[in-house]
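Keep it brief and residue-specific.

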Amino acid sequence: MKRIAVLCLLLGSILAQTSAAEPFREPFIQLFIDGKLMESGSDFEVNKGDQFTLLAQLKGGRSDFVWYPDTYFDFSSDAKIVSRGNKKIVYQEGDQEKTWELLSENIEFESDNKIKLDMLQELANRHMVEVNIPAGNIEKSYIKVTIVSTWQFTDGNTTRLEENKADAIIHLDIIGNENEWFATPNIKASGYKSNSIEEKLNGIQSSYDTIEDLLTSFDFASVQGEIRNLQNLMRELETQVRKIEAETPTNATDLYFKGTPSDEVIKDISRFKELEEAWNELETIVNDQTDELSKLEQSGDRIKRKELFSLIKPIIKWQESLPTNAEALLTTYTKDIDWTDIMIQSALSFNPEKDRINNPDLAITDFKEFLSRRTQQVQTEKKKINYASTRLQAVKIFDGMLLGYFSSINFAKWENTRE
């Protein structure tokens, strides 16, 4: 009898452990460089004139509970979730309603004065900065990110604040020609330095950027005029370079141009084709998983955790197969598609990465609501993606003009990035 009693106690202890909530993770920052996950403290090699995006997102801490209360919070037996989002959760215990809400999230990108940081828009809780590596005698630099989030708890009687803070750092190894005195993503200059030449190079890089912006916004009516402006600036630059060399033959400036203003947009055509195919696949997955969940419910048997995971995992696998810059592509070309609606993690009360569900009933409800929303939205999203993909095809007309022009210049080197 004693042995049986001991076994029962052990079994009860094991069951309690498997259903108990996990402790919050310490707050930490995830870093992405051009969509690639980077570990804090790692080294990243860049060239002078390079440009890249750094995205940062605060994880762990109180956000663990708000995102995944089933994994990271022990609810009492009579507790229930009233409403839940990525920045707020309302739940009821007994007759008392309690709320955790994100009041603010402040981010700081810090570096030395060797590189330039430009803050960009937020993308679904991520913060993004554009990093520009200038010319000059630079070998090392760094980017440090600090994020502080402030959460507020209220239960009708009391209010208190909780602060979560984390830091992360990336070390930059900067390589390139020491003789370069001008370096941007598309232009490099070495040899004789002239203020008048530098001014024109800045104007040309600005024109590169303007044309790219006009193409990504499908403002085709303005593109041709800006292409003419770029050609005029290039002619003025050529005139100035040849004039200086004619006056003093030793004052030669070596100029190098890389690619065209349409390069990235042309690349996005094939990337967007991937999104078209992915959304066709998504429609099939959502329909199949909805049918499978319905069959399980109609069987009359209690849905097992393993069965529920088998339905959720194909959607997670689909997400993981998306291009790394899928969110940025949608934000650029289909601005009214909400990325948080697409990600299943934002709909579940448990962390699917943990492969464990404490409250199956809540998990099933979450998943059914997610499938219902996806069923309603996927057709509209497909139409928007297909429309943007069709509009992107028009870029090829202007791309042909730009390729033809840059391949004809003979006063500077030009690299065709398509070859």
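The report below covers model basis, salt bridges, strands and a helix.

## Basis of the model

This is a predicted model, in which local features need pLDDT of at least 70, side-chain atom pairs count only at pLDDT 80 or more, and totals for chains, interfaces and linings use all residues. Residues are numbered from 1 along each chain as its sequence is written, and side-chain values use heavy atoms, with hydrogens and water left out.

Helices (H or I, at least four residues) and strands (E, at least two) are DSSP runs, numbered from the N terminus.

## Salt bridges across the sequence

A salt bridge is a side-chain nitrogen of Lys or Arg within 4 Å of a carboxyl oxygen of Asp or Glu. By this rule there are 19 salt bridges. One of them joins Arg-25 and Asp-64, at 2.6 Å from N to O. Arg-25 sits in the loop between helix H1 (2-19) and strand S1 (28-33), and Asp-64 in helix H2 (residues 62-67), so the pair ties together parts that are 39 residues apart in sequence.

Asp-64 is buried, at 2%. Arg-25 is partly exposed, at 27%.

Asp-263 and Arg-418 form another salt bridge, at 2.8 Å from N to O. Asp-263 belongs to helix H6 (residues 263-298), while Arg-418 lies in the segment after strand S15 (413-415), so this contact ties together parts that are 155 residues apart in sequence. Asp-263 is buried, with 8% relative accessibility. Arg-418 is partly exposed, with 34%.

## A salt-bridge network

Glu-264, Lys-267, Asp-268 and Arg-271 are linked in a network of salt bridges. Within this group, the side chains of Arg-271 and Glu-264 meet at 3.7 Å, N to O. Arg-271 is partly exposed, at 23% relative accessibility. Glu-264 is partly exposed, at 33%.

## Strand S1 and its partners

Two strands pair if DSSP finds at least two bridges between them. S1 pairs with strand S4 (residues 51-59) in the antiparallel sense, over six bridges. In that pairing, Phe-28 stands opposite Lys-59 of S4.

S1 also pairs with strand S2 (residues 36-38), antiparallel, over three bridges. Here Ile-33 has Lys-36 of S2 as its bridge partner. The hairpin of S1 and S2 has two residues between the strands, and Asp-34 takes a positive phi near 50 degrees there.

## The six-stranded sheet

An open sheet of six strands runs in the order S3-S11-S10-S7-S6-S5, with mixed pairing. Strand S3 (43-47) and strand S5 (80-84) are at the edges, each with a single partner strand, so one side of each lacks a neighbour in the sheet. The twist averages 25 degrees from one strand to the next. For such angles, axes are lines fitted to C-alpha atoms, for helices over the stretch in contact, and angles run from 0 to 180 degrees between N-to-C directions.

S3 and strand S11 (residues 159-175) pair in the parallel sense over five bridges. Val-46 stands opposite Ile-174 in S11.

## Helix H7

Helix H7 (residues 305-320) has 16 residues and spans 22 Å from its first C-alpha to its last. That is close to the expected 22 Å at 1.5 Å a residue, where the expected span is 1.5 Å times one less than the number of residues. H7 bends by about 30 degrees at Ile-312, and Pro-314 follows within four residues. The bend is the angle between axes fitted to the seven residues ending at a residue and the seven starting there.

Buried residues of H7 include Leu-308, Phe-309, Ile-312 and Trp-318. Their cover includes H6, helix H9 (339-342) and helix H10 (360-393), with contact meaning heavy atoms within 4.5 Å.

Key
Buried < 20%, exposed > 50% of the residue type's maximum accessible area, 1.4 Å probe, protein only.
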